[in-house]
Amino acid sequence: MENKTVQEHHDETLCTYLQQHPHILAILIGSMHGDDWTVLSTNEEAKRFFEESEGLDAASYFGPFWAPLRKQIGTMCSTQTSKNQIAYEKDEQAHLFESIIIRQASEHYQEMYVIELRSQEALLEEQKIRIEFEQKYMSVIEHNLDPIITINRSNRITYANISVHNAFGYRMKELSGRSVIDLLSDEKKEEFDHFIARAFAGESLEMEGISFFHKKGKYVTSYIKAIPVKIIGSIDEIHLILRDTSYHQKNNEKLLFLSYHDQLTGLWNRRALKEHFKVDADYAKKSDEYLSFIHLDLDRFKTINDSLGRNGADEMLKMIADRIKMVCRKDCKLYRNGGDEYIISFRNHSIDSTESLVQRILSDFTKPFYYNHQEYFISASVGISVYPHDGVSLEGLLQKAEQAVLYVKENGRSHYRFYREDMNSTFTDLALMESHLRRAIEFNELAVYYQPQVNLNTGQIDSFEALLRWNNRKFGFVSPMEFIPLAEESGLIHTIGDWVLEVVCKQLKEWQDKQYRPVRIAVNISPKQFRSGDFALKTKELIEKHEIDASSFEVEITETALMHMNDTLLTLQKLKAIGVTISVDDFGTGYSSLSYLKQYPIDIIKIDRSFIKDIEHDKKNEAIAKTIINLAHNLGMEVIAEGVEKELQAKILKAAACHKAQGFLFSKPVPASQIVDQYFDWI
């Protein structure tokens, strides 16, 4: 039991050194008397190196190592520690160690020592690691873009990096030993003392708005961050990271102005409008006044932009802003809403005063604007909403003023209107509907239906018109009269049009592969899509991709597209070269001209439904329809009547030798699956 206690004591003694140096060779030896030395305990590194365990006599354990070690112990007459270097060869490999022998007190041995053998290679590696760490640490400090000052507990500066000189003008030699307190203004010294005390207590903290004395003799508003430097649990220094924030004050003032003003005109912007509305609405409510929002939108400003270029248009916008400011009263605030739109908020006691202000503004727009010694006339459309009559939220009021502007633009421009409820019939859903239309293909909401075209002489069907349908998850079935114009205005018509062409070609390919009787499908092409420049090439690629007969694919264009003579003729000639059938839709309703029919390679004329409606009662419609039919015959073209809903209409058309007709009398547009179900009945 006693031996075990002694061994535990030996291990505990050795353990103290191992905690500090886990990678050295450590051996505990003791002697009862004379030269009787025994190895009492070793660490794992020593066991691996000497391949021996404790309990052996020292000479046997150390071998050739023991003689120099014994000699080193002999020199320790009155010292507690001795250092030496020992060369040792093992397995034909030379080793160089630093030997450190430390005397230990013992109740059981006359003498007891801990022998540390530290490889010089390990020492060099440790030194290298330490130097690398120190250099990395100093590199972060020295090359930091922020000025860094190190102070001790006496507030004396012990170090300053190069950025201190760049920011505040001081070199290290000018600051070394100087109290940092001397560089600070008096107003925050007490606060700074508390700040430093907390940092030396171990906190990392920040302080703003302290004035630091620049070498040039001025105080610079600065930000300071304190970082304690802790070494073996003790904090004797702290790093002070300084930052000159004086320029931020100027920038903040500039940024504050820019954040609430339009950069081009200097007027208040939409953000300022939101801030002001809270105050103005509250004032209007308490004082029983009106708060009018006047939305002014320049008419056809794109022509100015195109004529004068970006810089010229910007100058014109600034002149317009200046002119409106001259008319506005002191109880008005003028904002630029972006682009060519301005908004005026006006506190007033009556609607009449708002109307009077708007009339003066529009009157001023009758005067010319001058740019580069040329005069330009610009008109504006104005919409007005009134708080609280038209609403109490800013967004709602602005939206209603915009609706009134749109109403003005649709009804002649260059005047003003107050908002009315009947202006709200369709406007609010347009933006949302456009968003849904953009995802219609992705969500599989679009479908192509087919309406048969019946041969009036034989009753057979060998052609169809493809018609697009949209069943939306929010709006349900949306009329093409609504979403097609929206697609054209938003530019979506190109994507949707390409999708329809692909679907129709796939359908023709499917029926062709199933060896159904050959049919032709007509696709109505938007003028924008037709004039895209690559329409003919795209059509050719689709026909070749799906390997369909080109004559089975019919392109329907409107009379509007025929107006652009050069581009249209070139595209039509390319389509005819491919073998595509070409028809003119809604003939007689647009810019009809016999020269179009003469010059363009057109195969089919379609009589618009407006001439077929009431043809059995309206002699003029009947005469027009018969004239178009005769014209088509004389030009060698096929003629198709649209919108046939009554038997008598079909009889009149048949008697006039109209080739084909389509309409609800024969069939409404149906899905492709239904066409297949009735295929043999129809064809």
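What is the volume of the largest pocket? The largest pocket has a volume of about 1,100 Å³. A pocket here is an open set of points on a 1 Å grid over the protein atoms alone, where a 1.4 Å probe fits and protein lies on both sides within 12 Å along at least five of seven lines; the volume is the space filled by probe spheres set on the points, which are joined across faces, edges and corners. The model is predicted, with local features requiring pLDDT of at least 70 and side-chain atom pairs pLDDT 80 or more, while totals for chains, interfaces and linings use all residues. Residues are numbered from 1 along each chain as its sequence is written, and side-chain values use heavy atoms, without hydrogens or water.

Lining residues have an atom within 4 Å of a grid point.

Spanning residues 493-513, α16 reaches 30 Å from its first C-alpha to its last, close to the 30 Å expected at 1.5 Å a residue, where the expected span is 1.5 Å times one less than the number of residues. Its buried residues (under 20% relative accessible area, 1.4 Å probe, protein chains only) include Ile 493, Gly 497, Val 500, Val 504, Leu 508 and Trp 511. An α-helix has 3.6 residues a turn, so residues three or four places apart point the same way. Just after α16, Gln 515 takes a positive phi of about 60°.

The largest nonpolar core has 75 residues, and Val 504 and Leu 575 are among those with the most contacts inside it. Such a core is a set of buried Ala, Val, Leu, Ile, Met, Phe, Trp, Tyr and Cys residues joined through side-chain atoms within 4.5 Å. Helix α16 supplies the largest share of this core, eight residues. A second, separate core of 33 residues includes Leu 267, Ile 344, Phe 369 and Ile 384.

A cis peptide bond, with omega about 0°, joins Tyr 387 and Pro 388, and Pro 388 is in the loop between β16 (380-387) and α13 (394-410). Ile 232, although not a glycine, has a positive phi of about 50°.

Notes
Helix = DSSP H or I, 4+ residues; strand = E, 2+ residues; numbered from the N terminus. Buried < 20%, exposed > 50% of the residue type's maximum accessible area, 1.4 Å probe, protein only.
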